[in-house]
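I opened my notebook for a quick look around this one. Here is what I looked up, in the order I looked it up.

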Amino acid sequence: MIPHAALWTAALLELDVQSVGQWMLHRPIVLGPLLGLMTGQWELGAAMGVTLELLYADALPIGSWIPPNAAVATGSSLILSSMQDLPPGACLLAGLAMGSAYSLWADQPLRQWRSRWNDSSAPLSRILALCLASEVLCAAASLYAFALLSPVIGAAWGRLPEILIQGAEALWKLAPLLGAATLLSILNPFK
Amino acid sequence: MKLLSVFWRSFFIQALFNAERMQNLGLRFALEGVLPRRSLEKHNTFFNIQPYMAGFVLGLALALEEEDGRDPESAQRIQSLKLSLSSALAALGDSLLWGVWRPACAAAAVGLYALGLPILAVCAFYLTLYNGLCLAVRWKGLVWGYRWRERIAEKLRQISWQGWIKKLRWGGFVLSLALALDFIVEGSLPFWISVPSVAAFFELKRRDFSALDCCLCLWLAAAAYYWMRLIAL
């Protein structure tokens, strides 16, 4: 069953990534536990949120670069884990892939699309409302598409060699170390 | 009141971020409540800044527009001041707030989680710590930009930004090191796996591997490890 409330929460808080406020409500360390609570996976939500927070510590929106979308990644991983009986490592990989894919197929085109309003005479508040609504709908549509594909992902996962499935469990155990290394790398005072 | 209006509207400065002129529409929206339409039209040119630092430029633009926004020479002056200030503040904001403050707050929050604090308290701590500084920068920037106008650059030079960045970077690095050590010591993996793993991932990150790339490498490495163990058995 698709967790609609969690999905729409992730889609709304996706606005905090760039468009509204940047209060870090979209960050995995906040969104993970919230979505975990909404999908009945409190502990996994907290663990996934902390892990993704560390892994995305160096995904910074500097200049014109669009980093992977942390809100969509967190939402995808927890939606998948609530709908399919998959190990956390698999959900983490799927979430990371979805976060990267979303920045390519949605964030970049949306940015291009907004250029059309540069010389428009329409009231700015109306343009703003339209752009915000588009962004939320885009995030929601992507998450719904992902949720509808989750049985396919679950079935494909079951067909993988046992070695890869074991590897995903090891990935989940090692992911915090990877996250700590990410922090060390970005905060390295010697570089 | 007008500063408050610009302040709350500045939270939408990136809402209309576009590929062509970046934050031009957001800047216009922020100033829309307090400036006449004819003054806003000249602000439809390229503009890009770290969002928390936008207050400085908004305050400056507002003050100068009020002073003498109708004079064409003054309009040119406002544009050039806006551009020069925004590029300097963008670099500062990226280094300080994105590059150091956000990861350092994450390190502190995850550290508290690793120590056993409830996740709700960790989230509250993270949001309060992070937003405390960022909201202060947003508001103070607006007030100072409005108050000091062209002298804002001179005033900002008096603050030791690089010193603060260095201190915060060191503080965050020490926290991250403590976190890594905690994961190694408290984790369920033997030292001969966890220590080289941190070193390997650090190197991958140094080479700009994304989180997804690193995880894929790790997944394949772990799978290879299990394959070798199976063969050995």
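**Entry 1: a histidine in chain B**

I began with His43(B), which is buried, with a relative accessible area of 0%. The cut-off for buried is under 20%, so His43(B) qualifies. I keep in mind that this is a predicted model.

Next I checked where His43(B) belongs: it is in the loop between α3 (37-41) and α4 (54-68) of chain B.

Then I listed its contacts, leaving out residues up to four places away in sequence. His43(B) touches Asn24(B), Leu27(B), Arg28(B) and Leu31(B), and also Ala61(B), Glu65(B), Ile78(B), Gln79(B) and Lys82(B).

Which side chain makes a polar contact with the side chain of His43(B)? I found that of Glu65(B), at 2.8 Å.

How many of 30 Å³ or more does a search of the whole structure find? It finds one, and the largest cavity has a volume of about 50 Å³.

I noted the lining of the largest cavity: Phe7(B), Ser10(B), Pro51(B), Tyr52(B), Ala54(B), Gly55(B), Leu58(B), Arg138(B) and Leu142(B). By type, that lining divides into six nonpolar residues, two polar and one charged.

Last, I asked which helix gives the most to this lining. The answer is α4(B), with three residues; α4 and α6 (119-148) of chain B each supply at least two.

Key. Residues numbered from 1 in each chain as written. Chains lettered and ligands numbered in written order. Predicted model: local features only at pLDDT ≥ 70, side-chain atom pairs only at ≥ 80, totals over all residues. Heavy atoms only, no water. Helix = DSSP H or I, 4+ residues; strand = E, 2+ residues; numbered from the N terminus. Buried < 20%, exposed > 50% of the residue type's maximum accessible area, 1.4 Å probe, protein only. Contact = heavy atoms within 4.5 Å. Polar contact = N/O pair within 3.5 Å; in protein donor to acceptor, adjacent residues only side chain to side chain. 1 Å grid on protein atoms, 1.4 Å probe; cavity = no way out; pocket = protein on both sides within 12 Å on 5 of 7 lines; lining within 4 Å. Points joined across faces, edges and corners; volume = space filled by probe spheres on them. Nonpolar A, V, L, I, M, F, W, Y, C, P; charged D, E, K, R; others polar.
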